[in-house]
Amino acid sequence: MTDKDANRPLKLAVVGHTNVGKTSLLRTLTRDVGFGEVSHRPSTTRHVEGARLSVDGEALLELYDTPGLEDAIALLDYLERLDRPGERLDGPARLARFLEGSEARQRFEQEAKVMRQLLASDAGLYVIDAREPVLAKYRDELAVLASCGKPLLPVLNFVSSAHHREPDWREALARLGLHALVRFDSVAPPEDGERRLYESLALLLETSRGRLERLIADQQAQREVRRYSAARVIAELLLDCAACRRSVATSSDQVPGAIEDLRKAVRQREQRCVEALLKLYAFRREDASANDLPLMDGRWGDDLFNPETLKLLGVRVGSGIAAGAAAGAGVDLLVGGITLGAAALVGAIAGGALQTARSYGTRLLGKLKGQRELTVDDAVLRLLALRQRQLLIALEARGHAAMDSIKLDAPKDKTWREGKLPDALHKARAHPQWSSLNPHSKLNQTERQEQIQALAETILV
Ligand SMILES: Nc1nc2c(ncn2[C@@H]2O[C@H](COP(=O)(O)OP(=O)(O)O)[C@@H](O)[C@H]2O)c(=O)[nH]1
Ligand SMILES: [Mg+2]
C-alpha cells in the first residue's frame, strides 16, 4: 500500500479455520448482531461478505468475512508440487499459478475464495480458537495464507474460556515469524480490545495509521456518548419512579388494587428502561432472553417488590413508616391531606408532601383530604439503580457476537445500597409532575432536566 492509497478505505480479510469465530469477530467489530450467520456448525459462511466502518461519512475500514479454510494440509501439498522442474517459485507466484488452474474451481474452490479475498485486501486478521491445540493443520493454514504476501495479524479468540492455550499459540506464532498478535474474545472483548487491534494493525500498515487512529478516536467518542446516554436513561427511570404517586380514598377497599397498579406501572417502566439500554447498545431484545436467568425476554425475572430480592442485593429496607406493613414491601403509604403532621414523621418525604400540596394547589389539596397517597419506597429506587447500573456494566463488556442471554453478577460495590439517596430523587418526591407515570406530567421542565443531568452524573461514578 502506498501513500496515494491513503484516501480509500483500508481493506481487511478475516480469515482462519472453520468455526473459530470469524463471523463473530465481524459482529463485534461492527457492533452488528445481525451480521452474517453465526453457527456452531462448520461452514456456515459460504460466501464473502463485507462490512464498512465510516467516520463522518468517510469510509475508513472494510472488513470481509470469508469461508473457513478446511483442507490447508492438502492445499499446501498441492502448492508445493506446482513448481516445474528447476523452478523455485515464491509464495505469491505459486499462488497465482494455483488460482489460474482448474483445482481452484474444483477441489479447492472454498480455499481459493479465501485466497482471492486476502490478495484483494491490505492485510488479514487470522482468527484463532485459542482453546485448540496448535495442530499441524493450523501451521499449514498459516503457511498457505502467508503465500499471499500480505501482513497477517493473528487474533486470539475464545481467550475468556477457562481452557485456552494462549501461551502455546504465542510460541507457535513466534516460530512462524508472527510476533504481533491481539487477544480479542468476540463474546467478551476486553475494554480496550478494539483500540489494541487497530493499533497493532497500524504497526503492520504504517500508511494506514491515520485512518486507524481516526477510527480509534471515533469509537472512543461513541463509547462515551453511549455511556452518558445510558446514564440519562437510568436517571429518567429513577426520577419517574421517585415522583410517581397514586391517590386512593382512605376509607375504600381500593387500596390493594391501587398498590398493584403502582407496582405494575413501575415494573413496566423498568422494562422500558431495559429495552432502551439494549437498543442503545445495539443488542436485540431476544439477546436477553432465557428462562431461569435474571433477565428474561429483556424483562427482569425477579419481582422488584419481593422483599427477598431486596435482601439478596443487600439493599437496606427502611424501617418504621416505610410501608412494609400497611402496603406491602416497596410502597410508601403516605396520608395525604388529613394529617400532614403525621407525614412529618417520614422525614425527607414530609417536605415532599408539603411541596406536593403547593404544586397541586389548594383546590387539589382539598380533594386530597381523605385520600391516601402511594409512592415508591426508597428501597425500590435503590434496587432499580443497582440493577440498571449492573445491566449497563454487562452491556459495556458484551460483544455483539454473544448468543447467550445476559447474566448479571451481584454488584460488588456498596453504591446505592445504603447511605443517602441523591438529592435529585428527594426533589422528585416533591414534584409529581416530573413523572411520566403520573397524569398531567410536564417532562420538559428545565428543573426536571437539570435533575436528570445531575442524577446521570452520579450514576456514572
Ligand atoms: N464463547 C465464545 N463463543 C464464540 C466466540 N466466538 C465465536 N463463538 C461461537 O463459535 C461458533 C462459531 O462461530 P462463527 O463466528 O460462526 O465462526 P466462523 O465459522 O469462523 O465464522 C459459534 O457458535 C459462536 O457463537 C467467543 O469468543 N467465545
Ligand atoms: Mg463464519
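Q: In this predicted model, what share of the contacts with a separation of 6 or more comes from residues 24 or more positions apart?
A: Let's start with the chain as a whole, in a model that is predicted. Contacts here are counted at a separation of 6 or more, and residues 24 or more positions apart account for 74% of them.

Q: Which strands stand at the edges of the open sheet, and why is one side of each left without a neighbour?
A: The open sheet has 6 strands with mixed pairing, in the order E2-E3-E1-E4-E5-E6. A strand with a single partner has one side without a neighbour in the sheet, so the edge strands are E2 (49–55) and E6 (182–183).

Q: What angle does the direction of helix H5 make with that of strand E4?
A: Strand E4 (residues 123–129) pairs with strand E5 (residues 152–157) in the parallel sense, over 6 bridges. Helix H5 (residues 136–146) packs on this sheet and touches E1 (10–16), E4 and E5. Between the directions of H5 and E4 the angle is about 175°.

Q: How many residues does the largest nonpolar core have?
A: Leu12, Val14, Tyr126 and Val155 have the most contacts inside this core. Leaving aside neighbours within four places in sequence, Leu12 is in contact with residues including Leu61, Leu63, Ala123 and Leu125. A second, separate core includes Leu374 and Ala428 and has 43 residues. For the largest core, the number is 50 residues.

Q: Which helix gives the largest share of the shell around ligand 1?
A: The ligand is surrounded by 20 residues, and Gly21, Lys22, Thr23, Ser24 and Val187 are the closest. The shell divides into 6 nonpolar, 12 polar and 2 charged residues. Its largest share, 3 residues, comes from helix H1 (residues 22–30).

Conventions:
Residues are numbered from 1 along each chain as its sequence is written. Chains are lettered from A and ligands numbered from 1 in the order in which they are written. This is a predicted model: local features need pLDDT of at least 70, side-chain atom pairs count only at pLDDT 80 or more; totals for chains, interfaces and linings use all residues. Two residues are in contact if their C-beta atoms, placed from the backbone, lie within 7 Å. A residue is near a molecule or strand if its C-beta atom, placed from the backbone, lies within 6 Å of it. Helices (H or I, at least four residues) and strands (E, at least two) are DSSP runs, numbered from the N terminus. Ala, Val, Leu, Ile, Met, Phe, Trp, Tyr, Cys and Pro count as nonpolar, Asp, Glu, Lys and Arg as charged, and the others, Gly among them, as polar. A nonpolar core is a set of buried Ala, Val, Leu, Ile, Met, Phe, Trp, Tyr and Cys residues joined through C-beta atoms within 7 Å. A residue is buried if 20 or more other C-beta atoms lie within 10 Å of its own, exposed if 12 or fewer, and partly exposed in between; C-beta atoms are placed from the backbone. Two strands pair if DSSP finds at least two bridges between them. Axes are lines fitted to C-alpha atoms, for helices over the stretch in contact, and angles run from 0 to 180 degrees between N-to-C directions.
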